[in-house]
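Please read it beside the sequence and the coordinates.

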Amino acid sequence: VAALQSYLAATTSHDLTTKEDCKSAISLLQSSASLLATLQELVMEPSQDYSTVDCSSAMLQFWETLLKAQAQYCIYKMANLGSVKQHSTLAYLVQAAAGLYNDALQFAQDPRLQSEVPK
């Protein structure tokens, strides 16, 4: 479901030229990230053994953080659509997105992901 929602965000709102497109993409991306966070909680249960890389904590954290970063970028794009630009707000929004992208990159450096995910 999370993958489908992120796909829909990428395909139905890809131009992000209207507030409605941005709101739709933000909603889908945030919902997808939330589903991955829930899945990560379920995977962390001690009684469960998920040995596949796609359900590993690092992979789920990577995708959750990446989707949050994309949602944050869409918020930036939506704020930038207005006729009055509030540069300090825009700078804050893009800085937050950059931080999330950096966090996602750190999760992608996990040794297990590096060894098992094709490049």
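1. Basis. This is a predicted model, in which local features need pLDDT of at least 70 and side-chain atom pairs count only at pLDDT 80 or more, while totals for chains, interfaces and linings use all residues. Residues are numbered from 1 along each chain as its sequence is written, and side-chain values use heavy atoms, with hydrogens and water left out.

2. Fold. The secondary structure comes to 5 helices and 0 strands, in the order α-α-α-α-α along the sequence; helices (H or I, at least four residues) and strands (E, at least two) are DSSP runs, numbered from the N terminus. The C-alpha trace spans about 55 × 25 × 25 Å along its principal axes. Of the 119 residues in the chain, 31% are buried, where buried means under 20% relative accessible area, exposed over 50% and partly exposed in between, with a 1.4 Å probe and protein chains only. Among contacts (heavy atoms within 4.5 Å) between residues at least 6 apart in sequence, 68% join residues at least 24 apart.

3. The largest pocket has a volume of about 160 Å³. The elements that give two or more residues to its lining are helix 1 (2–12), helix 2 (19–43) and helix 3 (57–80), and the largest share, 4 residues, comes from helix 3. On a 1 Å grid over the protein atoms alone, a pocket is an open set of points where a 1.4 Å probe fits, with protein on both sides within 12 Å along at least five of seven lines, and lining residues have an atom within 4 Å of a point. Grid points are joined across faces, edges and corners, and the volume is the space filled by probe spheres set on the points.

4. The lining residues, among them S6, L39, D54, C55 and W63, divide into 9 nonpolar, 2 polar and 1 charged. In this scheme Ala, Val, Leu, Ile, Met, Phe, Trp, Tyr, Cys and Pro count as nonpolar, Asp, Glu, Lys and Arg as charged, and the others, Gly among them, as polar.

5. L35 lies in helix 2 and is partly exposed, with a relative accessible area of 35%; leaving out residues up to four places away in sequence, L35 touches V1, A2 and Q5. The C-alpha atoms of L35 and T18, 17 residues apart along the chain, are separated by 26 Å. Q40 is also found in helix 2, but Q40 is buried at a relative accessible area of 12%, and, with the same exclusion, Q40 touches S57, L60, Q61 and E64.

6. The loop residue S56. S56 sits in the loop between helix 2 and helix 3 and is buried, with a relative accessible area of 8%. A polar atom of the S56 side chain lies 2.8 Å from the backbone oxygen of V53. Beyond its neighbours within four places in sequence, S56 is in contact with R112 and L113.

7. Cysteines. C74 is buried at 5% relative accessible area, and C55 counts as buried at 18%.

Note on methods:
A polar contact is a pair of N or O atoms within 3.5 Å; within protein, one must be able to donate a hydrogen and the other to accept it, and residues adjacent in sequence count only if both atoms are side-chain atoms.
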